[in-house]
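Dear colleague,

I am handing over the structure that we spoke about, and it is placed directly below. Please look through it before reading the notes that come after it.

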Amino acid sequence: MRSPVPGLSASEGDKVSDSTPLLQDAPQAEAAPVCCSARYNLAVLAFFGFFVLYALRVNLSVALVDMVDSNTTLADNRTSKECAEHSTSNKVLRTSTGKRYQWDAETQGWILGSFFYGYIITQIPGGYVASKVGGKLLLGFGILGTAVFTLFTPIAADLGVGALIMLRALEGLGEGVTFPAMHAMWSAWAPPLERSKLLSISYAGAQLGTVISLPLSGIICFYMNWTYVFYLFGIVGIIWFVLWIWLVSETPETHKTISHQEKEYILSSLKNQLSSQKSVPWIPILKSLPLWAIVVAHFSYNWIFYTLLTLLPTYMKEILRFNVQENGILSAVPYFGCWLCMIMSGQAADHLRAKWNFSTICVRRVFSLIGMIGPAVFLVAAGFIGCDYSLAVAFLTISTTLGGFCSSGFSINHLDIAPSYAGILLGITNTFATIPGMVGPVIAKSLTPEC
């Protein structure tokens, strides 16, 4: 199969058909063991990096519920009375000494969406810089910057809405470089037939970070106060940065403890993958139809993903009327399912390609189809179930879980079509895919039913 991006190296060799196994004609070293390997150690460290990344991103979604004066919400007439307040855990004595703010629903929407105004700016620059200097430092300092800014969230909230929105936008600037940087690193580390496994492991950290941070944020808000949410995750981010800088190498050639067998395996498998062209072929990239197909898929998927990521806690509180502790736990359940699905789909995708000789394009299409249609069906269905709490949580969980298939679909297709420029391609697609995060919370907040 020829590279879909003219002028770039083909990711699967120069073949007439994509029905043959990946790189069948290219000489390859024997596959290196997985256990204790440098490439899987990188995947694990990246996993924890994206765990921290999403914990820093979503903690505000839960904390905001406790930051806003309930009288403001009532005065704004946004909390639905259609569903009965069923919680019994309100009898538990809770400590809540955090300051409350008079922010209406529209203001909350702008606060939640402000992160993406910074996030969208650094996507393409991040991919370009990573392709030139590597992704290790870019990813590390991106998460470090976000962690440091998170520590200042309580101060920014006291200074006013404008300061908080500005701070969240700065956090977005830091996080915007992370995914392109990681893609750039994997272009040098991931053997073609292990891409689905390695990338699904590393990016699954984002889902587990959501799973842990949502209930933990709720517990902290319930028993302490919301300011500690930002202090805890900010400190964890700084600790991760130290480990990342200490333990990770940019490429297999610069890794100090990698085995000779593994280094040869990685380098030989990527020998015919990477381009020797130093300048970025911007025109062929922008004319690539496969790239724009990924843009459409990425944008569509993120509309659902970001809407739930930022507003699921609000839905749990204002519509289903769970308290802040239950809210965090139940909001995390869907992302636990997605985390499991990402891990398993990565294993399945590479197994189908390596053992069953499924073409890469077939695997990517099927997994993307399942990960797009499934979530849409169950999310729409969730809008018609009324106040059935169990069914609401079940449908949202199934919807988000099925979305995990996309991690082995379009999400890593950048590495298939142009591995040398994967970071730049991801930066382009993620720029468009960030738009739902910018406008979704504002639109959804404005559509919250008045009861």
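This is a predicted model: local features need pLDDT of at least 70, side-chain atom pairs count only at pLDDT 80 or more; totals for chains, interfaces and linings use all residues.

Residues are numbered from 1 along each chain as its sequence is written, and side-chain values use heavy atoms, with hydrogens and water left out.

Cavities

A cavity here is a set of points, on a 1 Å grid over the protein atoms alone, where a 1.4 Å probe fits but cannot get out, and its lining residues have an atom within 4 Å of a point. Grid points are joined across faces, edges and corners, and a volume is the space filled by probe spheres set on the points. By this rule there are 4 cavities of 30 Å³ or more, and the largest cavity holds about 360 Å³ of space. Its lining is made up of 23 residues, and those that lie nearest the centre of the largest cavity are Y54, F179, H298, Y301 and S411. Two or more lining residues come from each of α8 (178–189), α9 (195–223), α13 (289–318), α14 (324–354) and α18 (422–433), where helices are DSSP runs of H or I with at least four residues, numbered from the N terminus. Of these, α13 gives the most to the lining of the largest cavity, with 5 residues. By class, the lining of the largest cavity has 14 nonpolar, 9 polar and no charged residues, with Ala, Val, Leu, Ile, Met, Phe, Trp, Tyr, Cys and Pro counted as nonpolar, Asp, Glu, Lys and Arg as charged, and the others, Gly among them, as polar.

Helix α18

Helix α18 has 12 residues and reaches 16 Å from its first C-alpha to its last, close to the 16 Å expected at 1.5 Å a residue, the expected span being 1.5 Å times one less than the number of residues. This helix is mostly covered, with 11 of its 12 residues buried, where buried means under 20% relative accessible area, exposed over 50%, and partly exposed in between (1.4 Å probe, protein chains only). Among the buried residues of α18 are A422, G423, I424 and A433.

Cysteines

How many disulfides does the structure hold? The count is 0, a disulfide being a pair of cysteine sulfur atoms within 2.5 Å. For C36, the closest cysteine sulfur is that of C35 at 3.6 Å, which is too far for a bond. C36 lies in the segment before α1 (38–67), is exposed with a relative accessible area of 67%, and has a positive phi of about 60 degrees although it is not a glycine. For C338, the closest cysteine sulfur is in C341, at 6.5 Å, again too far for a bond, and C338 is buried, with a relative accessible area of 0%.

Single residues

N357, in the loop between α14 and α15 (360–382), also has a positive phi, near 60 degrees, in a residue other than glycine, and N357 counts as partly exposed at 41% relative accessibility.

N225 is placed in the loop between α9 and α10 (227–247) and counts as buried at 8% relative accessibility. The side chain of N225 makes a polar contact with the side chain of T227 (2.4 Å), a polar contact being a pair of N or O atoms within 3.5 Å, of which, within protein, one must be able to donate a hydrogen and the other to accept it, and residues adjacent in sequence count only if both atoms are side-chain atoms. S269, in helix α11 (residues 260–269), is buried with a relative accessible area of 2%, and a polar atom of its side chain lies 2.8 Å from the backbone oxygen of I266.

With kind regards

Notes. On a 1 Å grid over the protein atoms alone, a cavity is a set of points where a 1.4 Å probe fits but cannot get out, and a pocket is an open set with protein on both sides within 12 Å along at least five of seven lines; lining residues have an atom within 4 Å of a point.
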